Amino acid sequence: MRILLPYHLDEYRPGLEFPVAADVVVDPDLSGDGDVWSRMAVLYEEIAEQVARAVRAGERASVLSGDCTTALGTVAGLQRAGMDPAVVWFDAHGDVQTLETSASGYLGGFSLRMLVGYGRRLLADRIGLRDIAQERVVLVDGRDLDPPEVEYLRTSSIRQCSVDELGELPKGPIYLHLDCDVIGDLPGLVFPAPDGPDESQVAAALRRVLDTGRVAAVGIACTWYDGSGAAERLRPLAESL
């Protein structure tokens, strides 16, 4: 099942182009909700329910949105369906910032750190997300890291590798995450990170994960500007997922 969340964090993005059509579009009413975390909790609660429903029906859930934080809802949905997923996270950035370390304050930079337990009161507790053990997380091609991220990853059990060095993957079901900025020359990216792998290298690495037969859900973060042309270029890769 393809599930679309046309949002960047809590910002509705009706003009954002996505590489594949959706079976379900999640667009709840956010008008009565409070701060940004409350609004995102509403969005991710619905994502979690849609993912859990798909997995219980024996389908793989594919979730497309405008940022990486949606992954919290997707993983919560896998957990609701009775799974204890590992995470394979393709991203040019570390996404392991915190409110205390982030120079920009960009909430999308907290995503992976929140999956392993940071700031539970902000979002995880609201949607029933359980922590993922660090040793069950692989960060693939995280090359654009701020100093606090470098230090955190140095002391954590999160494994880092390039797209060509995936090696053995964690046991059990897998949540496979693709932030499209992992591709070095994709046009229109909000946070570009040059000198990365090309589409064929990323596609080959994604295929190695899919070939395990253990991918329960896929998340695609379409982190580009409206009308950039990136969606059309990535259509074959997205359809292969």
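A residue is called buried when its relative accessible area is under 20%. The views below come from a predicted model.

**Figure 1. The loop residue Thr69 and its surroundings.** Thr69 is found in the loop that links E5 to helix H2 (71–80). Its relative accessibility is 0%, so Thr69 counts as buried. Leaving aside residues up to four places away in sequence, Thr69 is in contact with Leu9, Met40, Tyr44, Leu107, Gly108, Ser111 and Leu123.

**Figure 2. The pairing of strands E1 and E5.** Strand E1 (residues 2–5) and strand E5 (residues 61–65) run parallel and are joined by four bridges. Within this pairing, Leu4 has Leu64 of E5 as its bridge partner. In general, the strands of a sheet pair through backbone hydrogen bonds, in either a parallel or an antiparallel manner.

Figure 3. Eight strands form an open sheet with parallel pairing, in the order E4-E1-E5-E10-E9-E6-E7-E8.

**Figure 4. Asp95, a non-glycine residue with positive phi.** The phi angle of Asp95 is positive, at about 55°, although the residue is not a glycine. Asp95 belongs to the loop between strand E6 (86–90) and helix H3 (111–115). With a relative accessibility of 6%, Asp95 counts as buried.

Figure 5. Although Asp141 is not a glycine, its phi is positive, at about 65°. The relative accessibility of Asp141 is 13%, and the residue therefore counts as buried.

**Figure 6. The chain as context for the close-up views.** Seven helices and 10 strands make up the secondary structure elements of the chain. The radius of gyration is 16 Å, close to the 18 Å given by the globule rule for 241 residues, so the chain is as compact as a globular protein of that length. The C-alpha trace spans about 45 × 40 × 35 Å along its principal axes. Of the 241 residues, 55% are buried. Among contacts between residues at least 6 apart in sequence, 71% join residues at least 24 apart. The accessible surface comes to about 9500 Å², and carbon and sulfur atoms contribute 48% of it. The chain carries 22 positive and 38 negative charges, whose mean positions are 6 Å apart.

Notes: Residues numbered from 1 in each chain as written. Predicted model: local features only at pLDDT ≥ 70, side-chain atom pairs only at ≥ 80, totals over all residues. Heavy atoms only, no water. Helix = DSSP H or I, 4+ residues; strand = E, 2+ residues; numbered from the N terminus. Rg over C-alpha atoms; globule rule 2.2 N^0.38 Å. Buried < 20%, exposed > 50% of the residue type's maximum accessible area, 1.4 Å probe, protein only. Contact = heavy atoms within 4.5 Å. Areas by Shrake-Rupley, 256 points an atom, 1.4 Å probe, with all protein chains shown as cover. Lys, Arg positive; Asp, Glu negative; His and termini not counted. Charge placed at Lys NZ, Arg CZ, Asp CG, Glu CD. Pairing = 2+ DSSP bridges.
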